[in-house]
Amino acid sequence: MGLLIDILRGSMNRAVTEKEYHLIKTFGAGKDRRAEEWLDYLTQMLNLGLMEIAYDQAHALKLTPQSWEVLRGERKVQLVNFISPLQKQAQATEKAIPQQDSLTDELFERLRKLRKAIADEQNLPAYVVFTDATLTEIARQMPQSEESLADISGVSRKKCEQYGDEFLAEIAAFIREKGLTIADVPAPKKVKIPQVSTYEQTWELLQRGHSVEKIAELRGLSAVTVYSHIAKFYEDGKINDLSPYISAKDAGVIMQAAEQLGMKRGDALKPLFEHLEGQYGYHQIRLALAMWSKQ
């Protein structure tokens, strides 16, 4: 979705130019709208069934039969503009800073070089550090604290701990070199799209009958994370039986150990893991504690 917005707004970042999206005739056709507005519009299109997310194809956006009705002129669609007074004020500020897009592109290239250096040092593909879409958003928002960096989609707490200091230092150096003030730097924002939350993506694949291992592969997650999602589904009442994922015997041993340690909901799992001398994996512990919480 972020890449689609970049194409509509005419952004010349690497994710766009690498695949020559800047050469298509609709490139920049929506540059008069802010990214937040396009995000609202695209979310509405998803809700109306004019697009769908192909979870098994790297979350690509796909056209639907309803899409073709619109494209053939057989159906008209009205979308709501949710722009607030604060956003209107931000628009005015953006117009007063016409160099913002070029600054974003310049910072993106600097962060891309830093990402490559880190990836080469750790013998990792660059996208494992941060994807181009995430890197573009970091360059756009210019976060100046770990909290602001962690608010950006694609930046996990673990990645903050691993790479945050280096990226924040590079951003701070860029801001100093360009003589930017706080007013010049876009305010950090949180954008949430409930329809495509990480839990619902896992739930969708689970409903299709995929195994935990397959879901982890399709979503690029660890199996432990998928098991954690399943545990939450149980706690929320979406799943009533965890026996396909953990035996009653193993769950009983783990719950008894949790009682012995006097654990409470939300406590760290490591003390329990060590108490059990590593006989049970973290995913088994998470599932057993979900059962324990409902007793």
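**Helix contacts and a pocket**

Tutor: Leu4, Ile5, Leu8 and Arg9 in α1 meet Ala35, Trp38, Leu39 and Leu42 in α3. The model is predicted.

Student: What makes these residues of α1 and α3 a contact?

Tutor: Contact requires heavy atoms within 4.5 Å. The named residues of α1 and α3 meet by that rule. By class, they are seven nonpolar, no polar and one charged. Arg counts as charged, so Arg9 of α1 is the charged one.

Student: What makes α11 and α13 roughly perpendicular?

Tutor: Helix α11 (residues 198-207) packs on helix α13 (residues 223-235) at about 90°, with the axes 10 Å apart. That lies in the 65 to 115 degree range, so α11 is roughly perpendicular to α13.

Student: Which residues of α11 and α13 meet?

Tutor: From α11 come Thr198, Tyr199, Thr202, Trp203 and Leu206. From α13 come Val226, His229, Ile230, Lys232 and Phe233. They divide into six nonpolar, three polar and one charged. Lys counts as charged, so Lys232 is the charged residue.

Student: Why are α12 and α13 put in the perpendicular class?

Tutor: The axes of α12 (residues 212-219) and α13 come within 9 Å and cross at roughly 115°. The class runs from 65 to 115 degrees. Hence α12 and α13 are roughly perpendicular to each other. The crossing of α12 and α13 is right-handed.

Student: How many residues of the contact between α12 and α13 are charged?

Tutor: Two, beside seven nonpolar and one polar. In α12, the contact holds Val212, Glu213, Ile215, Ala216 and Arg219. In α13, it holds Ala223, Val226, Tyr227, His229 and Ile230. Glu and Arg count as charged, so Glu213 and Arg219 make up the two.

Student: What lines the second largest pocket?

Tutor: Met45, Leu50, Met51, Leu61, Lys62, Leu63, Ser67, Val70, Leu71, Val77 and Leu79 do. Two or more of these residues come from each of β2 (60-63) and α4 (65-71). The second largest pocket has a volume of about 390 Å³.

Student: How do you know which lining residue is charged?

Tutor: The lining divides into nine nonpolar, one polar and one charged.

Definitions and conventions
Residues are numbered from 1 along each chain as its sequence is written. This is a predicted model: local features need pLDDT of at least 70, side-chain atom pairs count only at pLDDT 80 or more; totals for chains, interfaces and linings use all residues. Side-chain values use heavy atoms; hydrogens and water are left out. Helices (H or I, at least four residues) and strands (E, at least two) are DSSP runs, numbered from the N terminus. On a 1 Å grid over the protein atoms alone, a cavity is a set of points where a 1.4 Å probe fits but cannot get out, and a pocket is an open set with protein on both sides within 12 Å along at least five of seven lines; lining residues have an atom within 4 Å of a point. Grid points are joined across faces, edges and corners, and a volume is the space filled by probe spheres set on the points. Axes are lines fitted to C-alpha atoms, for helices over the stretch in contact, and angles run from 0 to 180 degrees between N-to-C directions. Angles under 35 degrees count as roughly parallel, over 145 as roughly antiparallel, 65 to 115 as roughly perpendicular and the rest as oblique. A crossing is left-handed if the near helix is turned anticlockwise from the far one by less than a right angle, and right-handed if clockwise.
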